[in-house]
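User: Please take a close look at the charged side chains here and how they pair up. I'd like one connected account that also sets them against their surroundings.

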Amino acid sequence: MNRALQTVCTRLFTRPLLNLSSSSILPSTAVGINFIPCAWIRREKLTDQQMRLRYKKLHWHKFYDDKWVQRRGGGWDEKITPENVSFMQEMVYETYANKDSPLKDGPWQRGKFTIDPETIRTGVLGLKLGTLPQWDKRGRKFYVTLVQIIDNHVINYTPPEMINFRTLFTTRPLRRDLHGKVGMLVVGALSCDPRKFTRGYNGLFEQAGVPPKRKLTRFFITPNSAIKPGTPLYATHFRCGDYVDVQARSIDYGFQGVMRRYGFRGGPSDKYGSTKFHRKRGTIGSGRKHKVLPGTRMPGFMGNKLVMMKGLKIWRINTKYNVLYLMGPSVPGPNHGYIRIQDSTLYERKKMFTETNHPPFPTYYPDDNKSKSLDEELFADDIYRFDQPTLTLDDIQVAPLTAPRTAAKTAQKKK
């Protein structure tokens, strides 16, 4: 019965991929794209919420073509001789050292930062290193999280005309007003040995002219923020004092009870007659509705979810090692985990940017500051720097001891 239901649902809700090379449905710039037009099947326009509901119900079939290139495959051949290993390493180095970089013709023409319409820059991929204490100029102590922007390169850019936003599946729904107005920029971090990946995965980096990356992510940007593939990204993509949004996958704690998962107090101790009720939750339902109410906090899997924190301030930037000092010790993810960092989308933070006062656009290019090199450490205005004095005695006057007090002490000694 399940097999018959699966066949009926597949015939009702799906159609084969269409070749639009000879079709006039899409503009000429999008010729040759294959996708599954789900809304044409039922002759009605489906919303993103309806698409997600159908995707959940019929989990054995996907309504869109989101087949990623297989990343790992084939395994590592451990039976080759050391001579062959060194020869293969030399061939890898020569292949990527002698490859023509797409930046030999210079970067793309830079756009202009605008407030209306909205400008959205790309983000970067970072590695969480840990936390450190810092102090502001008033002496207040706070903690920051260190994130290193290591070996980031632009891999590919897709213009808005080539993206089918109606069937685009993202972890966080894209704003409806941005459909058809933003492109997709792919950023990679941490170059690896190409022998560890499949031939199809290595082919993704041919256009950028860089070795294959261990981690890939995508950012939706406006067309005026497009960056040429192969361009490196640094920590100076941001400025000290700016605010960013970070997104990462939280630490996976596995299956946990209510005391660990939600901070419940638990039952009394053995001193008060508790029997097998030390770490339990208690009753989960009583009264008229003889069922467990939706949303009841119960034991389950804890962590391993995408968490986004918005409006984190950048206190310091280390330009030598590309390290960002972000506000707070609670940045999601474990140490050495990947973090997506992008300009803050909060209204109060976005309106701080103007057409004359904004971060490096579309990104930081070292060639722009050849005459003046950046300092190794960049600080925000209100953070205390340890290379500066703590107190200055210019405006402080030291009053001498008063004479009457000295005379009184002398009289007491004579008595």
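Analyst: Let's begin with Glu348, which is partly exposed at a relative accessible area of 47%. Its partner in a salt bridge is Lys351, and the closest N and O atoms of the two are 3.1 Å apart. Lys351 is likewise partly exposed, with 48% relative accessibility. Elsewhere, salt bridges with shared partners connect Glu118, Arg175, Asp177 and Lys350 into a single network. Please keep in mind that this is a predicted model. In total, 13 salt bridges are counted.

Glu118 pairs with Arg175, with 3.2 Å between the closest N and O atoms. This pair joins distant parts of the chain: Glu118 sits in the loop between α3 and β1 (124-135), while Arg175 sits in the loop between β3 and β4, and 57 residues separate them. Glu118 counts as partly exposed at 29% relative accessibility, and Arg175 also counts as partly exposed, at 36%.

Now turn to Arg316 and Glu377, whose side chains meet in a salt bridge with an N to O distance of 3.0 Å. Arg316 belongs to strand β10 and Glu377 to strand β13 (residues 377-379), so this pair ties together parts that lie 61 residues apart in sequence. Here the two partners fall into separate classes: Arg316 counts as buried at 12% relative accessibility, whereas Glu377 is partly exposed at 22%.

Leu324 has Arg316 among its contacts beyond four places in sequence, along with others including Leu146, Val147, Phe238, Ile314 and Ile341. Leu324 is itself one of the residues that touch the most other members of the largest nonpolar core, together with Val244, Val246, Leu326 and Ile341; this core has 26 residues. The elements that give two or more residues to the core are β3 (152-158), β4 (183-191), β5 (213-221), β7 (243-249), β10 (306-318), β11 (323-327) and β12 (338-343). Strand β10, where Arg316 lies, is thus also on the list of core contributors.

Some nonpolar side chains sit at the surface instead. Phe87, Met88 and Met91 form a nonpolar patch there, with about 270 Å² of accessible area together. Phe87 is in helix α3 (residues 82-97) and is partly exposed at 48% relative accessible area.

Gly209 is found in the loop between α4 (199-202) and β5, and counts as buried at 18% relative accessibility. Beyond its neighbours within four places in sequence, Gly209 is in contact with Lys99 and Pro102.

Finally, a view of the whole protein. It has seven helices and 13 strands, and 33% of its 415 residues count as buried. Among contacts with a separation of 6 or more, 76% come from residues 24 or more positions apart. The accessible surface of the protein is about 27,500 Å², and carbon and sulfur atoms account for 54% of it.

Note on methods:
Residues are numbered from 1 along each chain as its sequence is written. This is a predicted model: local features need pLDDT of at least 70, side-chain atom pairs count only at pLDDT 80 or more; totals for chains, interfaces and linings use all residues. Side-chain values use heavy atoms; hydrogens and water are left out. A nonpolar core is a set of buried Ala, Val, Leu, Ile, Met, Phe, Trp, Tyr and Cys residues joined through side-chain atoms within 4.5 Å. Buried means under 20% relative accessible area, exposed over 50%, partly exposed in between (1.4 Å probe, protein chains only). Helices (H or I, at least four residues) and strands (E, at least two) are DSSP runs, numbered from the N terminus. Contact means heavy atoms within 4.5 Å. Patches are made of residues with over 30% relative accessible area and no salt bridge: like charges are joined within 9 Å, nonpolar side chains (Val, Leu, Ile, Met, Phe, Trp, Tyr) within 5 Å. Accessible areas come from the Shrake-Rupley method with a 1.4 Å probe; for residues, only the protein chains shown count as cover. A salt bridge is a side-chain nitrogen of Lys or Arg within 4 Å of a carboxyl oxygen of Asp or Glu.
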